[in-house]
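Dear colleague,

Here is the structure I promised to pass on, with the sequence alongside. Please look it over first; my notes on what was found follow below.

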Amino acid sequence: VDEVEGETAEEPTLYLPGLLEASVSGKWDVTEASKDYTITISPSKAKELSLKSGDVVGVVGRRRRASYAVVDIAKASKSSVKLSHNLASNLRVRDTDKVKVVPLEGESMQQFEATSGDMALLAKLPEVASSVTFSPVKDSLHSLELSEGGDEVSEEEIMSRFLKPYLNMEEGVVVLKKGHTLVLRDADRKSLEFTVTHLAIGEDNEEDEGAEEADNDESMLHNPAEKSVGAIINESTDIIIGSSVDRPEVGLGYDSVGGCGKAIKLMRELVELPLRFPELWTTAGVPTPKGVLLHGPPGCGKTLIANALMEETGAHVVIINGPEIMARKGGESEANLRQAFEEAQKKSPSIIFMDELDSIAPKRDQAQGETEKRIVSQLLTLMDSLKPNSNVIVIGATNRPNVIESALRRPGRFDRELEIAIPDEDGRFEILQIKMKDMKTSPDVDLFQIARDTHGFIGADLQQLTLEAALECIRSNIQNMDVETEEPIPDEVLDQLIVTNDHFMYALGV
Ligand code: ADP
C-alpha cells in the first residue's frame, strides 16, 4: 500500500532503458531559423545511436504523439536531449518528460516497427509534401492586428514575415504533420500561431479541401499524407495560407492538479508508462500493472487525477460510474460491465475508470442482494480475464476502501493502492495557485497566508473559496456600473475587477 500523505512517502525509482529525458528550448525565432524541429543530442549518445547531424529521426512523446525531427549534435548531457519548442509542444512534451528517439534504420527501427499506431508509421523516411496549408490561430492573429494598430495583416505579410523565413531555413528540413501547431516569430519577435490544417503528398485531389472540415478517420484514409506521421516541406511544396481557425483545445492535464506531485508521479509510473511502453515490463519479465485503486476523502482530487491521466496518456477511455451501473435493471449491469471491458480491450491501449467503486463492489458478505453479489463476481471475472499484455489498466476510485470486496484488492486485480489525502499547507498553496491562475489579484493578496489560514480545506473547498472571493469582487464593483444599459461593459469597469485581500477575507468569513 502506497501511502501518499503530504509529500513524505518514499518514492520508488524506475530505470527506463532507451528513454531520454527531454528539455525544451526557447520559442522559435527568425534569428535561430535553422533550429526548429530539431532534437539536440550529445555526441556520445549520437555515436551510440549511429546518428550524425542532419539525420532525420523519429521521436515519440506523450499521448503516443510521434513526429520526425532533425538531429543536431551538440553538447548535452548523455541522458537528455533538447527539443525545439514547436516540436516539444506537438509531442506534448514538457521539461523532464521522457521521449523515445528512434533512428529510422537498423535494428532499433525494426524494434520500433513492432510497436503500434502512430509510431509504426514513423518507421520510414517522410516524403515531400506537394502542398501544405497553414491556418493562423484566430486569437493570435487578432492580437497581432491589435499591435499593428488594428490593421488587418495581409496574406502577403503573413507569408513574408512569418512563413517564408521559417521555411527558408539555411540547413535542415521542416517535417510537419496535419494538426501540428507552430508559434512563429518575425524579426521584431512578434508572434503568430498556426495550425497545419492540410497536408498533401503527390497528386492531391481538390475534394480533400472539403473533407478537411470533417476531420474524421475516413478523410484520413483518403489522404496518404494525413495518414502518415508527416511530410517534408521544401521548395517544391505549395504553401497555402488557410482561413483562421480557433485555437486547438487543451484539456485538463496534470497541471490542473495541485498538491499531489508524488501521487501523480506514481500514477504516471503505474498507468502512463505501462500503456506507452509496455515493452519495459515484458523485457523485465513482469506483467504490466492491471489495476490501481485511488482512495481518500471526497473532494481531494481522485477524479481530477484520473481525468488528467486519461487526458495526458491519450489512451482510449471507458468510464464506469458506480451508482449509474447499479441503477440498471435485470442483467443489464453485468452486460454493461462486460461491454466496457470488451471495448477497452478492442481499442487498447485503454484506461477503464470506475468511479465510486464501493457502490459496484461492496464486500460480498455485506452485499444486500443477489444482484450485487452477481455484479461483484462479474467484476472479479472480468479483471481476471484481462490478459497480462492486453494494454488495459483499470483505475478505481473510492472514498471508502474498507467497504470494497477484499478479493478485488488482491494482486492481479487492484494490486496497487494510493491514498489521495487532504492537502497540507504547501498543497493548499499549489491548489490556490492553480485556481487563481486566470484571476486578476491585487498585490495585497498573500497566497501563503491564505494557505496557512485554510487548515483542513480540501481542493473542492479551495475552489469554492476562490469562486466566493471573485463573486464578492464582482458584487462590490457592480455598484459603479449602470446595470440598465444595453451597452457592453466599458473596459474601465472591467479593469477594476481585481480581487483583493478583503474579498478573500469576506469569502473566509473573517
Ligand atoms: P474526488 O474524486 O476525490 O471526490 P474531485 O477530483 O472530484 O474529488 O474534486 C472535486 C473538485 O475539487 C475538482 O473538480 C477540483 O475543482 C477541486 N479539487 C480537488 N482536489 C484538487 C486538487 N488536488 N487540485 C486542484 N483542484 C482540486
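In these notes, helices (H or I, at least four residues) and strands (E, at least two) are DSSP runs, numbered from the N terminus. Counted in that way, the chain holds 21 helices and 17 strands. Please keep in mind throughout that this is a predicted model. Of the 510 residues of the chain, 38% count as buried, and among contacts between residues at least 6 apart in sequence, 78% join residues at least 24 apart.

I would start with the sheet, in which five strands are arranged in the order 14-15-16-13-17, open and with parallel pairing. Strand 14 (316-321) and strand 17 (414-419) stand at the edges, and each has a single partner strand, so one side of each is left without a neighbour in the sheet. From one strand to the next, the twist averages 20°. Strand 14 and strand 15 are paired in the parallel sense over six bridges, and Ile-319 stands opposite Phe-353 in strand 15. Two of the helices that pack on this sheet deserve a look. Helix 12 (residues 302-313) touches strand 13 (291-295), strand 14, strand 15 and strand 16, and its direction makes about 165° with that of strand 15. Helix 14 touches strand 14, strand 15 and strand 16, its direction making about 170° with that of strand 14.

Some backbone details in the loops of this region are worth checking by eye. Most residues other than glycine have a negative phi, and most peptide bonds are trans. The peptide bond from Ser-348 to Pro-349, however, is cis, with omega near 0°, and Pro-349 is found in the loop between helix 14 (332-346) and strand 15 (350-355). In the loop between strand 15 and helix 15 (357-360) sits Glu-356, whose phi is positive, near 50°. Asn-391, in the loop between helix 16 (370-385) and strand 16 (392-398), likewise has a positive phi, near 60°.

Are these two residues, Glu-356 and Asn-391, buried or exposed? A residue counts as buried if 20 or more other C-beta atoms lie within 10 Å of its own. Glu-356 has 21 other C-beta atoms within 10 Å and is therefore buried, and Asn-391, with 21 C-beta neighbours inside 10 Å, counts as buried too.

Turning to the ligand, there are 17 residues around it, of which Gly-301, Lys-302, Thr-303, Gly-459 and Ala-460 come nearest. Helix 12, helix 17 (425-435) and helix 19 (459-478) each supply at least two residues of the shell. By type, the shell divides into nine nonpolar residues, seven polar and one charged.

In soluble globular proteins, nonpolar side chains tend to be buried together. The largest nonpolar core here has 64 residues, of which Ile-305, Ile-352 and Ile-395 touch the most other members. Helix 10 (residues 261-276) gives the most to this core, with six residues. Leaving aside residues up to four places away in sequence, Ile-305 touches Val-257, Cys-260, Ala-263, Ile-264, Met-267, Leu-294 and Ile-420. Apart from this core lies another, of 44 residues, including Val-59, Val-71, Val-102 and Ala-200.

With best wishes

Conventions:
Residues numbered from 1 in each chain as written. Predicted model: local features only at pLDDT ≥ 70, side-chain atom pairs only at ≥ 80, totals over all residues. Buried ≥ 20, exposed ≤ 12 C-beta atoms within 10 Å, placed from the backbone. Pairing = 2+ DSSP bridges. Axes fitted to C-alpha atoms, helices over the stretch in contact; angles between N-to-C directions. Contact = placed C-beta atoms within 7 Å. Near = placed C-beta within 6 Å. Nonpolar A, V, L, I, M, F, W, Y, C, P; charged D, E, K, R; others polar. Core = buried A, V, L, I, M, F, W, Y, C linked by C-beta atoms within 7 Å.
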